[in-house]
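Visitor: Could you walk me through one part of this structure? I am new to it.
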Amino acid sequence: MSLIKSRGGANGAILLFSVALCATLSIGLAHAQPADQQPQGLAAGELFSNEPAPVIQNIVVTGNQRIEPETIGSYLPIQPGMRAEQEFLDLALKTLFNTGLFADISLEMTEADILRITVKENPIVNRVILEGNKRIKDDKLTEEIQLAPRAIYTRAKVQSDVQRMIELYRAKGRFAAIVTPKVTPLEQNRIDVIYEIDEGPRTGVAKVNFIGNEVFTDNELRGVVLTKESRWWKFFSSNDNYDPDRLEYERELIREHYGRHGYADFTVVSAVAELTPDRKDFFITFTVEEGPKYTVGEVRVKTTLAKLDDDVLQRFIPVKSGQTFDGERMEKAVEAITFATGAAGYAFVDVNPRLNRHPESKTIDISFEVNEGPRVYVERVNIKGNTRTLDKIIRREIRIAEGDAFNRVLVDRSRARVRSLGYFGEVEIEEKQGSAPDRTELDVNVEEQSTGSFSIGVGISSTENFILDLSVEERNLMGRGQFLRFRVQASSRTRQVDVRFTQPYFLDRNLAAGVSLFNQRTNFRESGFIRNRTGFGLNAGFQVSEYGRGGLNYLLTYDDVTIDTVTTQRIGVMDDPLSALVPGASTTAAPFFVDVLGNIVSAGAASAFQQVVTANLCDFLTQALTPTCDSRGTFLTSLIGASLSFDRRDDPITPRRGWRASATVGLAGLGGDVNYYQAEYSGAIYHPIIGDFIGSLRARMGYISGYAGDDVRLSDRFFEGASTFRGFEVAGVGPRYLTGFDIDNNPSGQAIGGKLYAIGTFEILLPLPLPKEYGIRASLFSDFGTVGLVDDNTKLLNNDPTFLLQQFDPDTGMLINHFLPVQDDLSIRVTAGVSVSWDSPFGPVRFDFAEIIRKELYDRTEGFRFSAGTNF
């Protein structure tokens with residue numbers, strides 16, 4: 001006796017249940033009573049309503065393969081001992097279908113009052129196969145669809161997947177895309193799901209039109225919207241196609257553009273996209289009403305806050321009477337008031353700007369009403385998206401805890417601190433309603449990015465060969481926030497091995513601790529010496545305020561400095577070189593000779609009186625021939641230092657406004673052979689100039705000086721140029737020991753470094769008409785500053801007129817100028833140029849193009865510099 005029989009879906013099952021149940025009961029009553037005794041004029045449903053439903057004695061499940069009967073029974077709202085009421089059986093059927101586990105379900109009540117449930121399970125997906133897709137890769141599509149291997153197959157999921165893939169193709173401008181799903185049955189109730197994709201032609205944008213605009217031209221407004229007209233040369237553009245979602249966003253962009261220029265009544269009447277008859281392109285038309293242009297009239301602030309009065313808050317408002325009305329400046333005014341009240345201790349404030357338009361005078365009076373809002377407390381802080389980084393690494397940067405009163409300033413600060421870790425590409429903190437009206441939850445959504453890098457640095461200049469700099473670095477070791485770097489540098493001038501490790505929260509306290517080991521052999525060709533340095537360092541960092549950090553460090557190094565014989569200058573003519581040796585100089589049989597012109601020649605070409613003994617060049621003369629000689633030898637340096645830094649930028653990665661500053665001091669002489677003290681400072685200010693043009697002013701300066709009778713060694717002085725002063729070579733700017741003239745008859749020689757430097761940079765970040773995902777940035781820059789100041793002993797050669805460098809005219813042979821051998825001045829140098837950086841698929845790439853505006857004759861310049869690397 002079948003009461004219920006259903007296939008194909010829950011709604012169909014309800015109808016069959018009603019009909020089958022009534023019909024069955026009618027038949028049963030017909031067998032129980034003679035025909036002439038049956039009530040006349042009663043429907044089957046009325047008969048059922050007068051008879052009690054049978055009591056379920058047992059429930060039996062059949063047809064199941066993977067799912068246990070107990071599991072199926074747990075979904076049922078009915079149990080043995082209950083009556084088989086229509087509403088309960090209907091609910092049981094709906095519940096089983098809603099699990100998504102079954103393709104077909106039958107409920108049958110036997111004569112023994114046993115409820116038999118017969119199910120047909122949905123198959124399991126073995127594989128999901130994508131065919132025909134070329135423009136969108138498999139991994140991008142599989143991220144968006146629901147079906148996956150080992151998932152339960154349902155038609156609803158297939159339909160959802162097809163619709164989602166069509167949406168993705170439409171977002172790419174392919175409105176003719178067709179997705180056809182197919183199923184291949186396999187054994188053990190498994191299937192392969194195949195999506196056959198016909199991508200179709202790409203639909204472009206033939207024209208973007210504007211109707212009703214008079215203040216701005218069509219071309220100006222096309223620069224505001226994201227959608228671009230399709231052209232054959234725009235092969236890098238991803239916005240030259242129609243996207244309905246983007247069209248809605250562009251209405252807001254146009255409104256904001258007019259709002260920034262005083263058109264407070266501006267509206268976009270319509271935005272329509274029409275497909276051409278050949279279905280290849282769209283015509284997009286925006287119809288606008290501009291309205292009048294307003295200026296700001298009276299600006300007032302009204303507040304009920306006890307600690308702040310109207311006049312105090314009005315000072316923070318960037319909106320002034322007489323200005324052109326600017327909707328963006330209004331938003332900044334609300335942010336400024338919110339920030340000011342938050343700093344004064346008001347965590348919950350409602351700021352309501354009210355506009356009073358005067359069309360006859362085309363002015364707008366603005367009133368900001370500031371009142372204390374209702375208190376809201378943070379119920380939970382949820383960390384999401386951190387697939388690698390441990391929760392505690394993120395939570396320790398959050399400046400608001402569960403149970404605290406909600407504070408917008410602390411939320412924004414928390415986002416900035418998490419961003420500053422450098423572990424995440426995107427960081428967003430979203431608010432959502434908690435369990436009560438005065439409760440809120442914060443979702444910290446992060447997107448992990450590569451924190452390990454394998455970098456390659458390449459430098460090119462007129463005086464340097466190819467440089468290869470390899471380093472392996474991990475800034476978030478095993479997701480614990482630890483820093484580890486192993487660096488090897490090899491080139492014609494440098495060989496270096498460097499290992500560094502830093503634990504940012506030592507012993508789970510806000511105390512950073514680190515150690516470094518290194519060996520570096522560098523040929524300072526610009527200064528004529530070779531230094532082999534081995535050492536280790538210890539450092540510690542600690543928080544001094546919410547925006548400030550301090551540090552202590554210790555460095556112990558052993559230096560072995562020798563003179564580079566390739567770059568030393570020739571020995572002058574000497575009748576008796578032995579008499580010029582410094583006392584104690586070691587001598588051996590001479591392997592070289594000097595002719596009457598001072599050139600080194602072979603033994604066979606030299607006369608007897610020209611023969612000299614072998615000795616280092618610095619052993620000649622009580623007064624050294626070059627200023628580098630006093631820095632040769634072995635030295636042990638014991639240096640202790642301290643640092644202090646503050647960072648008030650709005651974003652540590654891509655700042656638009658704010659400032660940062662840092663200062664370091666060091667003292668060498670607590671043990672070791674070297675005595676000096678030094679101090680360095682760096683700072684920067686960022687501020688928007690206009691639109692997306694961001695200006696920055698950066699400064700660096702430093703000073704070093706010896707004490708206890710020590711001069712500053714050559715290797716401890718400051719050398720600037722290349723990436724630190726664009727437009728100049730490595731150590732290309734600053735004091736120099738002149739030894740001759742270059743091919744342009746300009747004085748040239750060895751860089752000897754300075755005790756003082758001060759360098760500034762003014763830079764403007766340019767908004768490029770390229771998608772953000774390309775990772776291309778460009779800026780205009782100007783570097784300016786000076787390097788100089790050496791010890792008096794370094795300039796002893798200037799006191800001897802025999803070392804004066806004379807410059808002759810190459811054409812006439814006449815003397816035209818003369819130079820002191822050691823040039824040291826603090827003259828200002830200025831360069832300007834363009835810098836382009838690209839986050840390429842194989843790593844960051846940077847190009848610097850510089851033009852010299854002001855320099856000294858002996859400075860070494862370069863107009864182009866390039867560097868590249870790769871990340872993992």
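Guide: Asp-443 touches Asn-382, Lys-384, Glu-428, Ile-429, Glu-430 and Lys-432, leaving aside residues up to four places away in sequence, where contact means heavy atoms within 4.5 Å. This is a predicted model, in which local features need pLDDT of at least 70 and side-chain atom pairs count only at pLDDT 80 or more, while totals for chains, interfaces and linings use all residues. Residues are numbered from 1 along each chain as its sequence is written, and side-chain values use heavy atoms, with hydrogens and water left out.

Visitor: Is Asp-443 buried or exposed?
Guide: Asp-443 is buried, with a relative accessible area of 5%; buried means under 20% relative accessible area, with a 1.4 Å probe and protein chains only.

Visitor: And which side chain does the side chain of Asp-443 make a polar contact with?
Guide: That partner is the side chain of Asn-382, at 2.8 Å; a polar contact is a pair of N or O atoms within 3.5 Å, and within protein one must be able to donate a hydrogen and the other to accept it, while residues adjacent in sequence count only if both atoms are side-chain atoms.

Visitor: Where is the place of Asp-443?
Guide: Asp-443 belongs to strand S16, a DSSP run of E with at least two residues. S16 covers residues 439-448 and runs parallel to S14, joined to S14 by seven bridges, and Val-381 stands opposite Leu-442 in S16.

Visitor: What order do the strands of the open sheet have?
Guide: The order is S14-S16-S15, three strands with mixed pairing, and two strands pair if DSSP finds at least two bridges between them. S14 (377-384) and S15 (424-433) each have a single partner strand, so one side of each is left without a neighbour in the sheet.

Technical notes: Helices (H or I, at least four residues) and strands (E, at least two) are DSSP runs, numbered from the N terminus. Buried means under 20% relative accessible area, exposed over 50%, partly exposed in between (1.4 Å probe, protein chains only).
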